[in-house]
Amino acid sequence: MDLGPLNICEEMTVLHGGFLLAEQLFRPKALAELTKSDWEHVGRPIVEALREISSATACSQPFAWKKKALVIIWAKVLQPSPIAPSDTETRWQEDVFFSVGNMIPTINHTVLFELLKSLEASGLFIQLLMALPTTICRAELEHFLEHMAVDTSSKDVAFFLEVWWEMMKHKGNQQDPLLSQFRTMAHKYLSSSDEFSHPPKRFKSDPDVCPTMPLLAMLLTGLKQIQNRILCPGMKCCALANLADMLTVFALMEDDPQEVSATVYLDKLATVVSVWNSDTQNPYHQQALAEKVKEAERDVSLSSMAKLPDETIFLGFDFMRSLLREWGEELQAMLNSSQGTNYDSYRLCDSLTSFSQNLKLYLDTTSLPKEERQGVCELADCVGDFLRKTNKVLNKGLEKDLTASIAMAIIEQKMDRHMEMCYIFASEKKWAFSDEWLACLVHNQALFQDPDLVLKLLETVVEISTTDRAIPKSQIKQVIDLVLECYADLSLPDKNKVLSGVLLSWGRKGLSEKLLAYLEGFQEDLNTSFNQLAQSASDQGLAKAVASVARLVILHPEITVKKMCSMAVVNLGTHKFLAQILTAFPALRFLEEQGPNPSTTFVVSCLKETVWTKFSTPREEKQFLELLSCLMSPVKPQGIPVAALLEPDEVLKEFVLPFLMLDVEEVDLSLKIFIQTLEANAFLEEYWLQTCAPFPLIFSLCQLLDCFSRYWQLPKEKRCLSLDGKDLVIQILELLCEIVLANAETFSPDTWIKSLSWLHRKLEQLDWTVGLRLKNFFEGHFKCEVPATLFEICKLSEDEWTSQTHPGYGPGTGLLAWMECCYISSSISEQMLSLLVVDVSNPEEVRLFSKGFLVALVQVMPWCSSREWQYLYQLTRGLLEKQLLHVPYSLEYIQFVPLLNLKPLAQDLQLSVLLLRAFQFLCSQSCRNWLPMEGWSHVVKLLCSSLTNLLDSVRLIQSVGPWAQGQEQNLTQEVLFFYTQVFCHVLHIMAMLHQEVCEPLYVLALEILTCYETLSKTSNPSVSALLQKVNEQRFLKSIAKNISPEEWRQTLLQKISNF
């Protein structure tokens, strides 16, 4: 059947036949003259025609065709008549009802209203009425009320009450094309008719549905007109219930009332359906459950966006009080009788209860004149008294346990509030695992693709699986699989919500904590997934990898995350890819309540338990460093939202602060983590260091630095950081102080001063050089505290410097203190050099200074880091340039006095000799026991770095000096002489040292010989030059013969022989 265009069809022919029969029965009169009393005789063919059509289309859309037929009939009633012949053609083209309307004879409102009453079509009546334009709508309702008031029968009363009830439940269907056509045609009829004296404003395309409030006021008036015809108790219950609901919803409730909770809503539905099931006279008694629930939803969901006028409200209050006084005793007797509850009596009690509650609230919140307030109070007492005498009726004879079936029906049919029913369905343990529950879950799986619902279902499954209920294992596994499928279809942010809930409920073991018996094959899935991850570390495989891990991580978060942490460290090059997967799950930033440190996040715990302190190679440490960086500052892949799993303050607290001690194995890696974290997060807008207590952090680093001042006195097991690690500590300290200074305004002035004072006091416990490193940090607050002996050799300003008595700095130690200042930084070194007091014109003073310098250098050198030694190396060059330092050059390794210009190389030769003298001092009887073997290796490394610098310096002089421009000023012979001297110095030092520490010097000696050989090939090939080369070969061999072991000696001799 076509329900679209209003054309002539088989059903229309049947309807036409019904009207023809009615016409025949009513002759000689026309149907337009039909009265209410005539309908019983005349109307039967029309009713039967409509029933025949509905029966014939029962398998398709009987209700829809019934609505179409009533629209056609009502349009015929509204159609202006008679029609002039000139209008026929226009109507034929413009009026969609014209052709079908011509199949129906002219009829009046009596036919329409009696037909609606016979069909018990109160709902359709309201749908069509509310679709009409405002003026016509009111006029039609007026016609209806007039019709009801004439010869009012019990059927009229029942129909009137149903129409009133439907009016309050009506919500409109603005998408119905049939109603739109009906409304449009009614507008056209309105404009061409004189029947309506107040035409509406110009029609707009928006639905022009008439406001409900005036119509309800009209119905209230209509009730008064037929009050005396309401005779049976059931109708009286219905009338009072309608009146109570109208006043509650359209007068007493707030303009935007809050919906009742889903559980209350479901209980109301269950009560209504239960009443219908027990009330055999109710029209819904025989309906299927789904139909009952749909109608019950309408009954319990009354709402209004507007309020009745005050006049109507108080009229309603007075009428309610009057009816209760008139009908009260009769209704109380009926309600308290032994007969079961029918729907009318239930509605009366329920509606009056709601009305009473809202009326009390109305009295408490509304300002009313005295007389009106007195009337409302009397009504409240009257209603309260009535309810007190009938308060047990709502619980009498109702079915139990309907809520589950109703909730599932709502879900299956996707009715109003069906998603809320899904929450109840997922949470209700009593319903779970019944056959109906399982079927509902299977059929409506798509509705449960919601993070909260997935969590609720998981909670229910876990709770049920741990009870004594005898549920087959296969069923539990089936439900788990279904829920996991719902979880798999969620977006990544929603998956994180579920994961967060799983961690919160069951901790790091996730679902496996309670459901391990039903998660067969988890370990195999884990291994397979991670084997695939290791092979698909690419952007293309990232989305698939995230989906795969998402399932594993809710089943067993701990095993999954630990496996990923381990892979990220052990498998070369996988750390970035695995970090991207991990950062796709910000829910892993979960604070564990259990454990020794409840403030530690789950990810940190997994890292510490799995890989921290368990690295077997430097490469693993490097990958761990990069993994931390990726987890703190994740790379954002396209299409996958990621978030940092580690905060910089958290990394410092967990992986750095506990390990900032020289005797802790992890100190080296912790310092690398420290500098990486500082550099990556130094300029974040938020001053995150504040949470790490920056001043105690600075002091911890200072304590670590202080340990280096007695480094070689400590046992080997207490020296877990090499002396060169001191440079990293200093770098971190400088950066940390810079960041704290840049954020000084985040402290209150008082706090800042107190913090500085605290730190300054704490530093008094440490070596004085540590405090001097914070010179810039304390500037403007505290002077630099140095040994008093430093003032003896420097012109220090008392505004900036102050002397302190330090043990170990007695008379004659000023130069030692001065040198310790110089290796702190290049700026302090330059300042110390500029403040040094040495009289260059006094040879004796220069000689004494030079001796003292050598002694201080020997005392300082073994405890210098590479960076500090570099400062001293530059300082020594500076002193030589200023001729403050005198280094006499002996003829120790000179066979013949060379006729060469050694001035360009003088400083380099002096430096080499100075280093030789320093090692002679170090290796002397008084000093040789200062250092353990690692200490000798360290000073050899420092020596090699300085000699390498000398070689580089000489090569530079040779290549870019002014003498390199002309042959007559060539420095080749001078440089060759320099190489022989440095070679001899190196071998001399090797002879004084333990063989175990000499390998770097041996390698350096080979490098010097290579430099000599390369340069000698470019020298003048004269006879004298060749003779000189032979002599130098003999000389160098004589030196090399004293070297051991044998293989080193032979290699050096072979190298010299190749010149």
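**Figure 1. Asp 151 in the loop between helix H9 (134-149) and H10 of a predicted model.** Asp 151 has a phi near 45°, which is a positive value in a residue other than glycine. At 60% relative accessibility, Asp 151 counts as exposed, where exposed means over 50% relative accessible area, buried under 20% and partly exposed in between, with a 1.4 Å probe and protein chains only. Helices (H or I, at least four residues) and strands (E, at least two) are DSSP runs, numbered from the N terminus. Residues are numbered from 1 along each chain as its sequence is written. In this predicted model, local features need pLDDT of at least 70 and side-chain atom pairs count only at pLDDT 80 or more, while totals for chains, interfaces and linings use all residues, and side-chain values use heavy atoms, with hydrogens and water left out.

**Figure 2. Phe 433 in the loop between helix H20 (418-427) and helix H21 (435-443).** Phe 433 is not a glycine, yet has a positive phi of about 70°. With a relative accessible area of 7%, Phe 433 is buried.

**Figure 3. Lys 169 in helix H10 (residues 154-169).** Lys 169 is buried, its relative accessible area being 4%. The side chain of Lys 169 makes a polar contact with the side chain of Asp 299 at 2.8 Å; a polar contact is a pair of N or O atoms within 3.5 Å, of which, within protein, one must be able to donate a hydrogen and the other to accept it, and residues adjacent in sequence count only if both atoms are side-chain atoms. Leaving aside residues up to four places away in sequence, Lys 169 touches Glu 295, Arg 298, Asp 299 and Leu 302, contact meaning heavy atoms within 4.5 Å.

**Figure 4. Helix H14 (residues 262-278) and helix H17 (residues 343-365).** The axes of H14 and H17 come within 9 Å and cross at roughly 150°, which makes H14 roughly antiparallel to H17 (angles over 145 degrees count as roughly antiparallel). From H14, Lys 268, Thr 271, Val 272, Val 275 and Trp 276 meet Tyr 343, Tyr 346 and Asp 350 in H17.

Methods
Axes fitted to C-alpha atoms, helices over the stretch in contact; angles between N-to-C directions. Parallel < 35°, antiparallel > 145°, perpendicular 65-115°, else oblique.
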